[in-house]
Structure formats: structure tokens, C-alpha cells
Amino acid sequence: MNVENVASSSGCSTAVTVFSIFGIVYTLLKAKSVAQFLYNNYLAKGTKLTVYGAKHGSWAVVTGATDGIGKEYATQLATSGFNIVLISRTQEKLSALAQELETVAKIQTRTIALDYTKANKDSFEKIAEQLKDLPITILINNVGQSHVMPTSFEETTEMEMDNIMHINCFGTLHTTKAVLPIMMEQRRKDKKGPRCLILTMGSFAGLIPSPYLSTYAGSKAFLSNWSASMAEEVKSEGIDVWCYNSYLVVSSMSKIRRPNMTTPTPKAFVREALGSINVQRGGSTPYISQPYPTHAIMSWSLEELLGNVKYFVVNQVAAMHLDIRKRALKKQARIQQSVSAQTST
């Protein structure tokens, strides 16, 4: 065997060894990812609500509190032993829910009527003043608005665009800005006291591009990054911060009435959300979780398995939203025809 053949054989052997090591490492990393996903999704236990002062006089603030997921957060936190501050637009609904929670859960409530589309600096200064004497340990940033129906950014009205950004971003940031100093002061006065928790509701629309929901998707992507960034800032103060992304949930916003495997009721979603605090389900981005198990599967699959077909996924999302828009426009036309017919008679 000549020197060239020996060198060639040695080079091939080295290349095979390198690729073999790479393959083994890649396989082990994937196996670790799968194992971590399965553990977090089905075995890991979240931080108990008693850590945040349940049944010890602590208060939770819930925005968008009178319907859907927000109402369920308020209800489950109340039955877990928290006093509740309810923030929503309609005082009549707030008063009814407050009375119900006080009767059923034997807790205290306060209500703040606020139309987030009209909220300004003075609004949030008043909220801070109303809350400053309360031992608040939990904030649920649930208030939000989507498009009336899927529509392109070009066709989105300025009013809808402004309302979505004002409610989802401006409103959420300023509510947190009003509550966070209260939490920080409590923690600095008593390091051994209850920890604090801020949960912000995100959306799958913020995980991947969502054509025909572009303004809403952008607002949710912003909230995810803002929340995760703030989480690291306040962690050392004993304040846990998470953004919870959901896929579809039975609600007036989603316009879905019946639950299925991937579309839970608000009660089922919130049960998983409050039962998995500080457990990262779904993807691997720090402080962002998909608490409902089937949503976690979808998120993890997008990140780990579908990296090369995300353009296809975005295309399918666009097709789905166009179909929803088509049906919504037909319904709108039928209603207009019916009104016209009644007017003419």
C-alpha cells in the first residue's frame, strides 16, 4: 500500500469518525429534547399557589375579568383562596361577578371599570392609587382584542388597528407598570413573604407569522418578548413572570362554541395554566410556555420537527384565515339582507 492510499484511507476514517460523533451528539440532543418535553408536559408539577399567598389574605388582579379565560382565572384564583381585583369594561358585569365570587368563595373583591380603548396615563395612575394598599401577589394580564374577522393589513381599519395595539400592548404594559412597584416593595420589605407572579396571555399568532391577523399577531409577538425579557429582570426579587401562549380556546373572541382536543374550554385551559406555573411546556424560549398539553405538543412540533416546513405552515394559516373571512363576510351579508328586508316591510 503506497503513502497516498494510506493518507486517503486515514482521511476517510477521520471524516467517518467526525460525522459519527456529530450524529451521536445530534441524536442525544434530540432524545434529551423529547424526554424534557414529555416530562414537562405530563409529569412535572407547577409551583403551588400557596407559594403566592393563597388563603393568607393575598390579592390577585385580573384584567379582562368578566368573560372567557379572564373570568375563569378570577374564579379559580378565588376558589384557591385569593382576594380578587376585577378589571373590565362593564360595571354591571363586574358587580355581578364580584358578588358571585364573594358568595361562593368567601373572599373579598374590588372592581375597576375601565375601557382599555380609552385608557390613558390618568387612568393607570388612578388604578395604582386604588391598589397601593393591597398585598397584591398575582397579576393576570388577560385583557386583549383581536380582529373582528381575518383581514389583510391593508384593509384593516385604523380604528381596529389602534384599538388592538392600545389594548394589547399599551394597556398591558401600563397595568403592569401600576402593579409591579407594589409587588417590588412587598418583596423588598419581606423577603420571606409570598412570592409574586405575573402571567400575560399570549397567542400562537405571536409564535409564527399569522397572515390576515397581522396587527394582532404583531401585538402578541411583542408581549411574548417583553414578558420574557422582564422575567429575567425581576427574578432575583422573587417575582415570577411568564407569557402563556394559547391556540384556540372556546370563547367569544375565537367564535368557537364547542371544545375538542385542541380547543379546550376556558375552565380546562386555566386549570392547566395554574397547575403548571414555572414549568416550561412546548417550545424552549425562556419564560414562554404553552400550558395546555395539546397546545404544547403543537408548539414543540413547530420548533423541533417542522423547522424546514414553516413556510408551508404559514401558507396553511393564511388559507385558514381567508376561509374564516369568507364565511364571516357571507354571514355579514345575510344579516344586512335581513335588516334591509325588515326595513322595507
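Visitor: Among contacts in the protein chain between residues at least 6 apart in sequence, what percentage join residues at least 24 apart?

Guide: The model is a predicted one. Its protein chain holds nine helices and seven strands. Of the contacts between residues at least 6 apart in sequence, the share that joins residues at least 24 apart is 71%.

Visitor: On which side of helix α4 do the exposed residues K121 and K126 lie?

Guide: Helix α4 spans residues 121–131, and its buried residues are S123, F124, I127 and L131. These four cover an arc of only 90° around the axis, so they share the same side of α4. They pack against β1, β2, β3, β4 and α5. K121 and K126 are exposed on the other side.

Visitor: Which residue caps the N-terminal end of α4?

Guide: The cap involves the backbone nitrogen of D122. A side-chain oxygen lies 3.1 Å from that nitrogen, and the residue supplying this oxygen is N120.

Visitor: How many residues of strand β5 are buried?

Guide: In a regular strand, side chains alternate between the two faces of the sheet. On one side of β5, C196, I198 and T200 are buried, and on the other L197, L199 and M201 are buried. With both faces covered, the number of buried residues in β5 is six of six.

Visitor: Which helix does the chain pass through between β5 and β6?

Guide: β5 and β6 run parallel and are joined by six bridges, with M201 opposite Y244 in β6. The β-α-β crossover from β5 to β6 is right-handed, and its helix, residues 214–234, is α6.

Note on methods: Residues numbered from 1 in each chain as written. Predicted model: local features only at pLDDT ≥ 70, side-chain atom pairs only at ≥ 80, totals over all residues. Heavy atoms only, no water. Buried < 20%, exposed > 50% of the residue type's maximum accessible area, 1.4 Å probe, protein only. Helix = DSSP H or I, 4+ residues; strand = E, 2+ residues; numbered from the N terminus. Arc of directions from axis to C-beta. Contact = heavy atoms within 4.5 Å. Polar contact = N/O pair within 3.5 Å; in protein donor to acceptor, adjacent residues only side chain to side chain. Pairing = 2+ DSSP bridges. Right-handed = clockwise from strand over helix to strand, strands pointing away.
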